[in-house]
Amino acid sequence: PSNKKTLRTSFLPTVLPSSVTSDLSPLQNKLLTYRRCNEQQKMLNQLLIDRALKVYHVSMEEKYHRDPVPTIPELPCTVRNYFFNILTTNYLFMKKCVQSNPVVPIQQQWLMSMLTLVPQSLMEGKDRQLLAEKLLGEIISDYEMSMRRCVVQNVLIKPDVKGLEDEEEAPLPLSPLGLDFSRPWHNSFIQAKNQILSNLHILHPTMKTLLDFSYTAFSSCLIVDFSSFRLKGPVDCESLKTDVSLSCSKAEEKILNTWYQKVISLFTQKEALNGVKLDQVDSFYNCVAMLMSNQLKELLRRTVEAFVKLFDPEDRNCLPLFKMELILDEKKMEFYPSFQDLEEAVLFIVNRIGQTLQNTQTVRSWLMGDATTLDTELPNYVIVWATSTLRQSIRDNLEGPREYFENYVERYGWLVDGTAQAQIERFEAEEHSFDEYT
């Protein structure tokens, strides 16, 4: 019908009455026209929204009986854009407000813990301090950015509208469903813990006393006293081997007469097995044997390490001095002892230390009268490490004598290897003038 109200007839033209415009300047007239256009645009937007909502409700009522899954009808493009702009503007505004809130700063002890994980060699240098400060600044910046992003993700839900594709603040992932968070291992853990406590004889008071004996006897002593090696001056290899063998024998005898006798007297007392069940006696004495073995092995290991430390290339103040002679033997020049003999003498000390205390009886065998001994053999990795380190150190320290020997042989070897004698005999067999003979 002709009287139907439409969007086109709802607004008058954006023209002011002549009675008003006649008294206004051109600039005032332009401002009033602009204001009237804005008001009409707001009215138009509201009418469009009202119409869209009305159409939607009518459509929903009509489709409810025919379609069990009601769907939103396609809104006009102008209304959709208006809704999208509102959602985008509101989300960006709220995100800006959330991000402007202060966050909890990172704790200083966390930064210090991070720095302790960096190797010390990477912290040394002229510009390393500035680099470390720069890296800590980046860490603080990343932390604050992550905290703000986390707050935004927890507070806001990003709408799925056009214009927010580049926004990274998606909702936080949901917790996984259907996972089993029970603890089936807990019962077996408690059972194993109780079993360990019932069989862990190291907690027995007698074991504590044994540890006290061992600490007092071994904490500040070695099988061989290496501090006097350098003070003796140059020594020959055979004398060194003899001295080390005597020291090892004396140390073994002293340990067996002091520490070992205290251990035996400890376990001959009635109170030594208090609280130990009859069926646990064997395991108890096995624990005693293991504890004694570990103490003696540690003593031997520290002795070997102390000997290897004498050859430290960075500290030559403790390096042993060996007596070597340059001799002539059957028309050849050589060192005595040879380089090979010197190396064997040095490695002999390691082997001799490892042979000490290898026939020590267990407490159970001493009480029962059998011949079972403790396992006090040095671990193979200790022997391999000590041997390789000493060989390399010997080669490095013998470079000087080797060069001296080769230079001596090159200059004077022809006098003793028969070359000079052959030249003399050949000269005498030839005819020469008096001046040549002279």
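Helix α9 (residues 237–257) and helix α10 pack at an angle of about 20°, with their axes 3 Å apart. Helices here are DSSP runs of H or I of at least four residues, strands are runs of E of at least two, and both are numbered from the N terminus. The axes are lines fitted to C-alpha atoms, for helices over the stretch in contact, and the angles run from 0 to 180 degrees between N-to-C directions. The pair α9 and α10 is therefore roughly parallel, a label for angles under 35 degrees, while over 145 counts as roughly antiparallel, 65 to 115 as roughly perpendicular and the rest as oblique. K254, I255, L256 and N257 of α9 make the contact with W259, Y260 and Q261 of α10, where contact means heavy atoms within 4.5 Å. By class, the residues of this contact divide into four nonpolar, two polar and one charged. In this sorting Ala, Val, Leu, Ile, Met, Phe, Trp, Tyr, Cys and Pro count as nonpolar, Asp, Glu, Lys and Arg as charged, and the others, Gly among them, as polar.

A word on what you are looking at: this is a predicted model, in which local features need pLDDT of at least 70 and side-chain atom pairs count only at pLDDT 80 or more, whereas totals for chains, interfaces and linings use all residues. Residues are numbered from 1 along each chain as its sequence is written, and side-chain values use heavy atoms, with hydrogens and water left out.

Let us stay with α10 (residues 259–267), whose axis comes within 13 Å of that of helix α11 (residues 281–309) and crosses it at roughly 165°. These two helices are therefore roughly antiparallel to each other. On the α10 side W259, Y260, V263 and F267 take part, and they meet F284, Y285, V288, M292 and L296 in α11. This contact has nine nonpolar, no polar and no charged residues.

Now turn to helix α4 (residues 108–116) and helix α6 (residues 128–155), which pack at about 130° with axes 11 Å apart. That angle makes α4 and α6 oblique to each other. Here too the crossing is right-handed. W110, L111, M114 and L115 in α4 meet L136, I139, I140 and Y143 in α6.

Next come two local features of the backbone. Most residues other than glycine have a negative phi, and most peptide bonds are trans. Y336 and P337 are joined by a cis peptide bond, with omega about -5°. You will find P337 in the loop between β2 (333–336) and α12 (339–354). L357 has a positive phi, near 60°, and is not a glycine; this residue sits in the loop between α12 and α13 (363–368).

On a 1 Å grid over the protein atoms alone, a cavity is a set of points where a 1.4 Å probe fits but cannot get out, and lining residues have an atom within 4 Å of a point. Grid points are joined across faces, edges and corners, and a volume is the space filled by probe spheres set on the points. The largest cavity holds about 40 Å³, and its lining includes F311, D312 and R316. The second largest cavity, of about 30 Å³, is lined by F229, K232, V235, L240 and D243.

Definitions and conventions:
Left-handed = near helix turned anticlockwise from the far one by under 90°. 1 Å grid on protein atoms, 1.4 Å probe; cavity = no way out; pocket = protein on both sides within 12 Å on 5 of 7 lines; lining within 4 Å.
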